[in-house]
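Please open the model in your viewer and keep the sequence panel beside it.

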Amino acid sequence: MKNWLIPLLVLFILLLNTLACRAGGALLAITPTTTLASVTPFSSSPTPLPSPIPTKTPFIPSDTPNPPSSPTPSNGWNTYRNSAFGFELQYPPGGSLTVNLPEEARIDLPFELGTNLTEKYLEIHAQPLAGECLSPLAQTLPTESVNPETLVVDILEFSVLKGSDSGAGNRYDWTSYAIQNEDTCITLDFVLHSSNPQNYPTPPAPFDPELESRVFSQIIQTFVWFIP
């Protein structure tokens, strides 16, 4: 080969390389590229939801009052206490303890004026238990009429008898409550003493037995035993 051809051949090869590089750059310029977005890996654990905040329902007071409890007098009432036999009870204001002995007591009770009722009182009898516990007033009843009813007040049990006596224009309506423990008999005798309206120049109005007897049950509810 001739020596002058060698430089021409080298120059030709460099020219081809230059053209090839330019062609490759053009192809890269027109080739679209795709960018992959980052993908969050899947988790099998559920995302916990926020716990609800508890709310309090405001209290709205009822307009309906509580039903009244059974009447058990205390405030303003007087107390009769029998230390010898171990019991006590209460009686209303206006009452007067006129007899106060260990075995016997009397409390005069207030009543409505302007009627034919002249007295209302409570007689209390206490004695050692010997046989049946009955009021002395029961002695005026025929034997077949002595059939007491039972009244239960809380844990206490009373035997109740009712009767009446009359004479000389006077009438005595009574209700007896008898209660006992292991060795003691107590009788509480409520008496309504009225007179015949015809005994007066101007007859008074007859008294109301139901009204005047309401206090009996209230007093009975205050009865309690204690150790003397």
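A polar contact is a pair of N or O atoms within 3.5 Å; within protein, one must be able to donate a hydrogen and the other to accept it, and residues adjacent in sequence count only if both atoms are side-chain atoms. This is a predicted model, in which local features need pLDDT of at least 70 and side-chain atom pairs count only at pLDDT 80 or more, whereas totals for chains, interfaces and linings use all residues. Residues are numbered from 1 along each chain as its sequence is written, and side-chain values use heavy atoms, with hydrogens and water left out.

**First stop: Asp189**

Select Asp189, which is found in strand S9 (residues 184-195); helices (H or I, at least four residues) and strands (E, at least two) are DSSP runs, numbered from the N terminus. Is Asp189 buried or exposed? With a relative accessibility of 0%, Asp189 counts as buried, a word that stands for under 20% relative accessible area, while exposed stands for over 50% and partly exposed for what lies in between (1.4 Å probe, protein chains only). Show its side chain, and two polar contacts can be drawn: one of 2.8 Å to the side chain of Ser135, and one of 2.7 Å to the side chain of Ser176. Next, select Leu122, which is 67 residues from Asp189 in sequence but 5.5 Å away in space, C-alpha to C-alpha. Leaving out residues up to four places away in sequence, Asp189 touches several residues, including Tyr121, Leu122, Glu123 and His125, where contact means heavy atoms within 4.5 Å.

The side chain of Ser195 makes a polar contact of 2.7 Å with the side chain of Tyr200. Apart from neighbours within four places in sequence, Ser195 is in contact with Asn116, Thr118, Gly169, Asn170 and Tyr200.

From there, select Asn116, in the loop between strand S4 (104-108) and strand S5 (117-128). Asn116 counts as buried, because its relative accessibility is 6%. A polar atom of the Asn116 side chain lies 2.8 Å from the backbone nitrogen of Phe207.

Which residues lie closest to the centre of the largest pocket? The largest pocket has a volume of about 240 Å³, and of the 14 residues that line it, Leu151, Val160, Thr175, Tyr177 and Ser217 are the closest to its centre. On a 1 Å grid over the protein atoms alone, a pocket is an open set of points where a 1.4 Å probe fits, with protein on both sides within 12 Å along at least five of seven lines, and lining residues have an atom within 4 Å of a point; grid points are joined across faces, edges and corners, and the volume is the space filled by probe spheres set on the points. Colour strand S6 (149-153), strand S7 (156-167), strand S8 (170-180) and helix H2 (209-220), each of which supplies at least two lining residues; S6 gives the largest share, five residues.

**Last stop: the chain and its confidence**

Zoom out to the chain, which has two helices and 10 strands, and colour by pLDDT, the predictor's confidence in each residue, from 0 to 100. The chain averages a pLDDT of 80, and 69% of the residues score at least 70. Select residues 26-45, where pLDDT stays under 50 and the model has zero contacts beyond four places in sequence. Where pLDDT is low, the predicted coordinates should not be read in detail.
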